[in-house]
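I opened my notebook to jot down what I looked up in this model. Here it is, with my notes below.

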Amino acid sequence: MYVVESKGGAIACMLLALIFLGTWPAILTLLERRGRLPQHTYLDYSITNFLAAILIALTFGQIGNSTPEMPNFLTQLSQDNWPCVLFAMTGGVVLSLGNLSTQYAWAFVGLSVTEVITSSITVVIGTTFNYFLDDKINRADILFPGVGCFLIAVCLGAAVHSSNAADNKVKLDSLSSDHIDAVKVSNTSMIPNEAASKDLENGNDPAQKAKAGTAGFLVQLENRRSIKVFGKSTFIGLGITFFAGVCFSLFSPAFNLATNDQWNTLKTGVPHLVVYTAFFYFSLSCFVLAIILNITFLYHPVLGSPKTSFQAYLRDWNGRGWALLAGLLCGFGNGLQFMGGQAAGYAAADAVQALPLVSTFWGVLLFGEYRKSSRRTYILLFSMLFMFITAIAVLMASSGHRK
């Protein structure tokens, strides 16, 4: 099998993972804002996310000769390594719960802020766990200042959200409440209009599109999106976001235990799970849970989403290609993160949790986030991005090399 052995190779894996893992949330957010039901989107996403794990296992996991100490993927499937398999599958379960939760949190809290909060929790909890599980192979004098930089960026991100929310309130106050109520639509449609515009941020009438950043734009967005958020408590979104952050903070340490067996759960002579085998079982449990939950949500939706059916899902091709692409990006992103972590330490690989840097870029470019905001918001936004860049550099500089 292919093994990343150099520090440079590990950093390259982490950088690619950062781009992939920062991009797929923007794609799912795009689909929700265009009116595609989250249940439909996540089912499509889950299929290609699992397919990516299979492709990685059957290619990188089968390159070269199999050895007793480091067997290839197919060889290891028949070995007695179930304690570590269960760790890997546990990681997949918590990741699936986290990803599913954030799909709803993006609508309530926003893409950038959701990613900032979940990533901060992941860094504080997950990176600390991984540092000790990896027998402190990362340089603590660099690693933990990097965590501190990330937390500063988190505080700046929260300030950006607060400032931008105040800006939006001023914009909406400029419209009468009667006008806002008149343009809202009831959340009763089961399937988005298949003839909808292909414009990234348009509804069915491109000619009537409001300019990004205006009050009319905010109201039009509420009108066409699949998860309605006007009039709902922000604590709902924040609660979902913090739950997702805790889930994300646990999946990487679980995967670390699966591949390195720090707790000595394997029988004598049984080799550790290679990263590709662990990633396969990890993605399998993630896929199974996602399918079960989302088929349930088709008939018993949550948070006011429209009720639908499996037959309606099969007929809904509007945006399916984007959802399938998001699954591939997430699957390959996770695989690259674990490949880099196996070589340089999972604590350093958690540098990909600076993905809000990428998500914020897409949020500004695609969705017009922070358009026509105040000067204070722009200053905070650029300060946050600068601190994220610093955090990425410091965490990657802390990477060691597993013996």
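Which residues form a nonpolar patch on the surface? I found Ile295, Tyr299, Phe310 and Leu314, with about 320 Å² of accessible area together. A patch takes residues with over 30% relative accessible area and no salt bridge, and nonpolar side chains are joined within 5 Å. A salt bridge is a side-chain nitrogen of Lys or Arg within 4 Å of a carboxyl oxygen of Asp or Glu. The areas come from the Shrake-Rupley method with a 1.4 Å probe.

Before going on, I noted that this is a predicted model, where local features need pLDDT of at least 70 and side-chain atom pairs count only at pLDDT 80 or more, while totals for chains, interfaces and linings use all residues. Residues are numbered from 1 along each chain, and side-chain values use heavy atoms, without hydrogens and water.

Next I checked the helices (DSSP runs of H or I, at least four residues). Helix H10 (275-299) and helix H11 (310-315) each supply at least two residues of the patch. Leu314 sits in helix H11 and is partly exposed at 45% relative accessible area (buried is under 20%, exposed over 50%, partly exposed in between).

Then I looked up Arg320, in helix H12 (residues 320-344). Arg320 is buried, because its relative accessible area is 6%. Its side chain makes a polar contact (N or O atoms within 3.5 Å, one able to donate a hydrogen and the other to accept it) of 3.0 Å with the side chain of Asp44. Leaving aside neighbours within four places in sequence, Arg320 has contacts (heavy atoms within 4.5 Å) that include Leu314 and Tyr313.

Methods: Patches are made of residues with over 30% relative accessible area and no salt bridge: like charges are joined within 9 Å, nonpolar side chains (Val, Leu, Ile, Met, Phe, Trp, Tyr) within 5 Å. Buried means under 20% relative accessible area, exposed over 50%, partly exposed in between (1.4 Å probe, protein chains only).
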